[in-house]
Amino acid sequence: MLYVVPLVLLIAIVPPNNFDAHSYHLSRIIEWLGNGNVDHFPTRHIQQLYHNIFGEYLVMHTFLLAGSDGFAGFVQFFASIGSIFGVSLLAKKLGASTRAQTLCAILLLTLPIGILESTTVQVDYVACFFFISFIYFGHDAIEFPRAETLVAMALSLAFGAFSKYTILMYALPFSIYFGITFFRKLGFTQTIKILGLFTLILTLVFLPFMSRNYQFFGNVLSPVEGYGLEVEKLSVEDFSLLATISGIIKNLSLHLGLPFNNYNVYLEKLITTAHGIIGFNVNDQRYGMDIFTVRFDVHEDMVPNNIHFIILTTSFIALFFASRATRLKWLAFCAFIGFVIFCTMMVFQLWSTRTHMPFFAMGCVVSGILFERLLKSNTVYLSVFLIIASLGYVMGNPSKPLLPLKYYSKKFLNYIPVAICPENEQQEQGVKLRLGSFYETNANESNCFVLKTNPKENDRQAIFKTLDSLGYYNDEKYETVFELSKEKMYFLSHPGDYENFKEIIPILENVKGNVGILFEKGNGFYHYWAVAQPAKANFGQMKYIGYRPRYAQLENAKKEFNYSYVLGDNPKLLSSCYAKRLIDTVYHSKSFYLAKLKVASGDKFFISN
């Protein structure tokens, strides 16, 4: 109840406010519902089209039933509950005692990234749930190869992969293990039949989506170079042993960051130096999307699993010396190989702790069983420790704060930002005048001031006090979900967007008619759409009216859409598309405008970049 009640409360009170959810997970749902189909549509954010969609299909039904986003967060929440029961049942299948099953469940329940993900409208816990189901049904099928078990196993793999492709990487070693076991127990003919069943189910699930991709992208997975569309590179460009070792080290380091800057800087230098010794560039762009750094960030997309990582590592090492644990060893081996495949194939990203969830889920099974054997009845103390240690993530999620724990933990630790991103001119001037000896005084492209060197403890305390006096921590210091307006809660995971947009919100809330989205940047628009909605949403109210020429061939681009307002991020683009005589009024905020047209328009525009 310490976990379930607060998490349910957060889902009920706080609207979906995850940045990726706004950019593409939810924006694509609004487009589907407005179009009356799930076909591809014109967009300024290409991920809305080709990223896997089964999780969004589930969330879409909550919109259809409720007419709003009020229940959207429960999809991931129930996936987390199912996953917790799933690891317990898997442990039982491997011969674990009731006490060990309970510890396995508590390990996953208290996983920091799992806690924060469980209230989002992401898809990582949905994918993890189906992965766990695949492993459970696989072990069940080894004992009882019934048709219904094999179908459930195949559907679990299909739905997990259809939610997130990375599930296929984690599942590959298990698939080989299950295949060899089936061959040994059932023979060649039966194994081929099982393979045929899996092929059929995977084909039926993926074929419609991949057909749409191929027809539009010329590729079943994603856009390709030279096709007139944006291209996102999530897979590495080349393979080598050193690249794999680098990927493993960097991905593991995501769970090693602590709220102590000196430690993080030391560890980052150590890993960078190690890369230099083996002759590999730690920031080779062929293998990484983000610049490598070690940090501790309590964010629902990237929080590290520090304690669980230590427990998991200890368990995997101890497992080599354990007796009578053949099946558990195979589980651990397959989980590790799946992680290696992930690190080999996917570029390094600072946001990858959530994509490690399948690995940690299997780690919870291994750790729960081994630690129960070691601690016996004393496992209760480990369980209590985990519950207490992780409770802060329930209460202090910065995107959904029940208590202002983030501020007080930062104050206690004198934790300062690596880059200061001012919310207003006063903060900007204060950083330049009072913190110029510690931070660069020229802002980077994200309008942030980067830390020059690692300050000493006394300097860190002074920096924190200065930022506090400038109101830099006010959002964390004073605001909880009980005090915030609903419109601001939509922006809690990306508050800069709120500051750039807030002047337009009162105007947008009173708009009568449709709104055309004319973004120069490749942004989603769900959060802007959401604040303009009454209790019953109008799913077709907003659509992109500016996009790359290639989108014009889509059937959804040919549908009529008349709008009386234009929402955009570059007034120059507006003036290039509409003569002044056609515009009634233009309302401005820091980075956006809302233009009211004198006469409703159905025009669409091509944007080359």
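Val340 lies in helix H15, where helices (H or I, at least four residues) and strands (E, at least two) are DSSP runs numbered from the N terminus. The model is predicted: local features need pLDDT of at least 70, side-chain atom pairs count only at pLDDT 80 or more, and totals for chains, interfaces and linings use all residues. Residues are numbered from 1 along each chain as its sequence is written, and side-chain values use heavy atoms, with hydrogens and water left out.

At 18% relative accessibility, Val340 counts as buried. Buried means under 20% relative accessible area, exposed over 50%, and partly exposed in between (1.4 Å probe, protein chains only). Leaving aside neighbours within four places in sequence, Val340 contacts Thr244 and Ile248. Contact means heavy atoms within 4.5 Å. Val340 and Thr244 are 96 residues apart along the chain, yet their C-alpha atoms are separated by 7.3 Å.

These residues belong to a helix pair. In H12, Thr244, Gly247, Ile248, Asn251 and Leu252 meet Phe339, Val340, Phe342, Cys343 and Thr344 of H15. The residues of this contact divide into six nonpolar, four polar and no charged. Here Ala, Val, Leu, Ile, Met, Phe, Trp, Tyr, Cys and Pro count as nonpolar, Asp, Glu, Lys and Arg as charged, and the others, Gly among them, as polar. The axes of H12 (residues 241-253) and H15 (residues 326-345) come within 8 Å and cross at roughly 105°. Axes are lines fitted to C-alpha atoms, for helices over the stretch in contact, and angles run from 0 to 180 degrees between N-to-C directions. H12 and H15 are therefore roughly perpendicular to each other. Angles of 65 to 115 degrees count as roughly perpendicular, under 35 as roughly parallel, over 145 as roughly antiparallel and the rest as oblique.

Ser253 is also found in H12. Ser253 is buried, with a relative accessible area of 2%. Beyond neighbours within four places in sequence, Ser253 is in contact with Ile271 and Phe292. Ser253 and Asn306 lie 53 residues apart in sequence and 9.8 Å apart in space, C-alpha to C-alpha.

The largest nonpolar core holds 151 residues. Such a core is a set of buried Ala, Val, Leu, Ile, Met, Phe, Trp, Tyr and Cys residues joined through side-chain atoms within 4.5 Å. Phe63, Phe174, Leu331, Met362, Phe501 and Leu508 touch the most other members. Met362 touches Leu90, Phe131, Ile132, Ile135, Phe174, Leu331 and Ala335, not counting residues up to four places away in sequence.

Helix H19 (residues 425-434) has Gln427, Gly430 and Val431 buried. Seen down the axis of H19, the buried residues fall within an arc of 100°, so they line one face of the helix. The arc is that of the directions from the helix axis to the C-beta atoms. The face turned away from this buried side carries the exposed residues Glu425 and Leu433. The cover over the buried residues of H19 includes strands E1 (419-420) and E2 (449-450).

Three loop residues were also examined. Lys400 is found between H17 (379-395) and H18 (405-413). Lys400 is buried, with a relative accessible area of 2%. Its contacts, leaving aside neighbours within four places in sequence, are Leu10, Val14, Asn17, Thr119, Thr120, Glu300 and Val481. Arg324 sits in the loop between H14 (306-319) and H15. Arg324 has a positive phi, near 55°, in a residue other than glycine. At 77% relative accessibility, Arg324 counts as exposed. Lys376 lies in the loop between H16 (357-375) and H17. Phi of Lys376 is positive, about 55°, although Lys376 is not a glycine. Lys376 is partly exposed, with a relative accessible area of 48%.
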